[in-house]
Amino acid sequence: MTIKDEDYQKLINIAKTAENYLKKRDYLTAYRLYKLIYRNYNELRVIPNLIDITFLSIKKGLIKNRNLKFKLMTNLINFGLTKDNNTKLTHELIYHKLKLLRDFKYYDDFKKLYNSCTQEIREILYIQFENLHFLLETEKYDAAEDQLKKIKLVKKGNYKALDDFNIDNNFFKKLVNLE
């Protein structure tokens with residue numbers, strides 16, 4: 001679908017307005033505007049924005065029912081995955097699905113999805129971080145240490161603080177007790 005210049009400008013203006021509402025923490029208005037962009041312009045790239053707003057709404061307690069939260073997030077992600085044709089959006093949606101499964105402690109489903117990903121997808125930095133979180137939460141410290149080494153190799157210059165960061169069971173328990 002091609003968008004005319006004037007329609008493109010309208011789309012940009014709606015997106016900026018939605019972003020402003022999101023910054024003001026008016027999640028419902030931001031969600032409504034991003035949904036309007038999808039409906040009027042069939043723009044799939046707003047689906048991650050809808051997912052992020054849903055995650056924020058959950059964290060802020062705006063959505064109380066656990067099953068509803070999970071269903072809403074799953075439906076958004078699956079909808080995006082069925083509509084997209086293996087682009088960067090697909091990778092972002094896979095990340096969101098992994099995050100959702102980890103957040104809701106569906107660890108077996110997380111493992112299945114992660115293992116079904118291609119090596120190329122597993123090497124995406126934010127997916128590696130999501131796997132690191134999963135390994136820490138499931139107390140697989142040796143595997144988490146290996147994952148951290150992979151992340152260090154990928155982002156050697158950008159994350160210098162990771163050079164001195166090691167994970168073991170005692171260190172993890174100290175971190176948890178700091179909360």
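Colleague: How many salt bridges does the structure hold?
Modeller: Keep in mind that this is a predicted model. A salt bridge here needs a side-chain nitrogen of Lys or Arg within 4 Å of a carboxyl oxygen of Asp or Glu. By that rule, the number of salt bridges in the structure is six.

Colleague: Let's take one of them. Is R45, the partner of E43 in a salt bridge, buried or exposed?
Modeller: The side chains of E43 and R45 meet with N and O 2.5 Å apart. E43 has 13% relative accessibility, so E43 counts as buried. R45 has a relative accessible area of 60%, and exposed means over 50%. So R45 is exposed.

Colleague: Which helices does the salt bridge between R102 and E130 tie together?
Modeller: The closest N and O atoms of R102 and E130 are 2.2 Å apart. R102 lies in residues 88-103 and E130 in residues 125-137, so the pair ties together parts that are 28 residues apart in sequence. The helices in question are α5 and α8.

Colleague: And how far apart in the chain are E137 and R102?
Modeller: Those two side chains also meet in a salt bridge, at 2.5 Å from N to O. E137 sits in helix α8 and R102 in helix α5, so this pair links distant parts of the chain. Their separation is 35 residues.

Colleague: Moving on to the helix pair α4 and α5, are they roughly parallel or roughly antiparallel?
Modeller: Helix α4 covers residues 66-83, and its axis comes within 9 Å of the α5 axis. The axes cross at roughly 160 degrees, and angles over 145 count as roughly antiparallel. So α4 and α5 are roughly antiparallel.

Colleague: How many nonpolar residues does the contact of α4 with α5 have?
Modeller: The α4 side includes F70, M73 and I77, while the α5 side includes L93, I94 and L100. By class, the contact has five polar residues and one charged residue, and the nonpolar residues number eight.

Conventions
Residues are numbered from 1 along each chain as its sequence is written. This is a predicted model: local features need pLDDT of at least 70, side-chain atom pairs count only at pLDDT 80 or more; totals for chains, interfaces and linings use all residues. Side-chain values use heavy atoms; hydrogens and water are left out. Buried means under 20% relative accessible area, exposed over 50%, partly exposed in between (1.4 Å probe, protein chains only). Helices (H or I, at least four residues) and strands (E, at least two) are DSSP runs, numbered from the N terminus. Axes are lines fitted to C-alpha atoms, for helices over the stretch in contact, and angles run from 0 to 180 degrees between N-to-C directions. Angles under 35 degrees count as roughly parallel, over 145 as roughly antiparallel, 65 to 115 as roughly perpendicular and the rest as oblique. Contact means heavy atoms within 4.5 Å. Ala, Val, Leu, Ile, Met, Phe, Trp, Tyr, Cys and Pro count as nonpolar, Asp, Glu, Lys and Arg as charged, and the others, Gly among them, as polar.
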